[in-house]
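Me: Let's go through this structure by question and answer. Here it is.

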Amino acid sequence: MSAILLDGKKVAATIREEVKAEVASWREQGVAPKLAVVLVGDDPASVVYARSKEKACGNVGIDFELFTMPASTPESEVLALIERLNGDPAVHGIMIELPLPKHIDKKKVLEAVAPIKDVDGVHPINRGYILSGGDGLFPATPQSCIELMLRSGIELKGKNAVIVGRGETVGKPLVFMLLNQNATVTVCHTRTADLAYHTRQADVLIAAVGKAKMITADMIKPGAIVVDAGINEIEGGICGDVDFEAAKEVAGYISPVPGGVGSLTTVLIQKNVLKAVRLQQGK
């Protein structure tokens, strides 16, 4: 019996329709939701990402503006631009494309974005809201993991959830997002003794390590829900952190790479833009 596929593209399409409807409703009220993206330098992958965001925003009716600055731009000028966007009532969401040039302090730049416009969910204040269960803007990838399960009809309450990976972008925020869903959470990392022992206890196993096919079939409890948040370049394409072909014969549910968690991130950033509009309108 092969596992049921957690289809990210299908879930993303549903959310996209919800976003479209909400954008239309804001526009009727005279508010045009807008995302501003700041790109410093010409890192080829970042340029591609920025352009794909522009196209995705166009598809749902969100206004988009890309601010490009040469790689040699002084940090003070980047901060001045962010300050201007923070103060612009027509801009609801701000994203900084990474990586930034070496001479620019990434932490300083990310923390300069107003928390209420930080659609990437990286500002310490938004991180704090995840911990306290408050109403902030949360990062898209861990949100994708949760949405993918909930919208596929999976109940997380009372389940043993094991996260492999404690990174700032996925692993750490996921801990609290899963706790908010009333799951029992274990976090494994490079210093964990006997990783396979822990993963085999998981009703829900989330891999977010960035190591190709690291989670093998013998590490999965039969019937478990396996969510793969990894993305690794291999010869001939990309793969996740889970050895998908073997794992799908053991798991009950499994998300593919590509076509799983990653399919939802852009539309969840758009959802964050709309949440930012609501926060800024005091709704």
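Reply: Helices (H or I, at least four residues) and strands (E, at least two) are DSSP runs, numbered from the N terminus. This is a predicted model: local features need pLDDT of at least 70, side-chain atom pairs count only at pLDDT 80 or more, and totals for chains, interfaces and linings use all residues. Residues are numbered from 1 along each chain as its sequence is written, and side-chain values use heavy atoms, with hydrogens and water left out.

Me: Which residue with positive phi follows H7?
Reply: Helix H7 spans residues 171-180. Phi is positive, near 65 degrees, at the residue that follows H7, Asn182.

Me: Which residues of H7 are buried?
Reply: Buried means under 20% relative accessible area, exposed over 50%, partly exposed in between (1.4 Å probe, protein chains only). What covers the buried residues of H7 includes helices H5 and H6 and strands S5, S6 and S7. The buried residues are Gly171, Pro173, Leu174, Val175, Met177 and Leu178.

Me: Which residues in H7 does H5 meet?
Reply: Contact means heavy atoms within 4.5 Å. From H5, the partners are Arg127, Ile130 and Leu131. In H7 they meet Pro173, Phe176, Met177 and Asn180.
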